[in-house]
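Hi everyone, thanks for coming.

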Amino acid sequence: YISNFTGNLEIINHADNSDIIFKSDNGTGGTTAYITLDGSQETINLFKTVLIGTTTNTGAYKIDVAGKQRVQDTLELDDVLMLNAISTPSDPAAGKSVIYMDSSDGGIKCKINVGGTVVTRTIASFE
């Protein structure tokens with residue numbers, strides 16, 4: 001039990017080749033690592049599902065985000081990008097575009113806004 005009511009709470013490990021590991025009950029009487037701070041790899045290793053903006057763990061995803069996300073550089077996928085059918089989204093802001101699966105006809109579409117003019121193009125259709 002750690003209680004800190006003022007100032008910073010610092011956890012420091014100066015031991016060579018040693019990590020800071022957060023463990024908790026594993027539900028069967030033992031413990032399991034949930035977070036490891038590995039200074040030699042400069043990584044934070046998360047061993048459980050991460051929920052952001054939600055408390056509902058469906059078990060289907062390692063990271064489950066409710067709300068908008070932003071990637072400020074390249075988004076690289078090593079597997080599938082899955083699009084769920086949605087109703088036509090609102091027009092994107094100038095200089096932006098959206099790709100979506102249109103629930104009305106199953107088409108994969110792209111809306112592009114260049115200088116305030118929006119065009120919609122069908123990339124693939126369901127036939």
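Let's start with the lining of the largest pocket: 19 of its residues are nonpolar, four are polar and five are charged. Here Ala, Val, Leu, Ile, Met, Phe, Trp, Tyr, Cys and Pro count as nonpolar, Asp, Glu, Lys and Arg as charged, and the others, Gly among them, as polar. Before I go on, this is a predicted model, where local features need pLDDT of at least 70 and side-chain atom pairs 80 or more, while totals for chains, interfaces and linings use all residues. Residues are numbered from 1 along each chain, and side-chain values use heavy atoms, with hydrogens and water left out.

Which strand gives the largest share of that lining? That's β7, with five residues; strands are DSSP runs of E, at least two residues, numbered from the N terminus.

Now over to strand β8, residues 108–114, which holds K109. Is K109 buried or exposed? K109 is buried, at 12% relative accessible area, where buried means under 20%, exposed over 50% and partly exposed in between, with a 1.4 Å probe and protein chains only. The K109 side chain also makes a polar contact, 3.1 Å, with the side chain of D102. That term means a pair of N or O atoms within 3.5 Å, one able to donate a hydrogen and the other to accept it, and residues adjacent in sequence count only if both atoms are side-chain atoms.

Note on methods: Helices (H or I, at least four residues) and strands (E, at least two) are DSSP runs, numbered from the N terminus.
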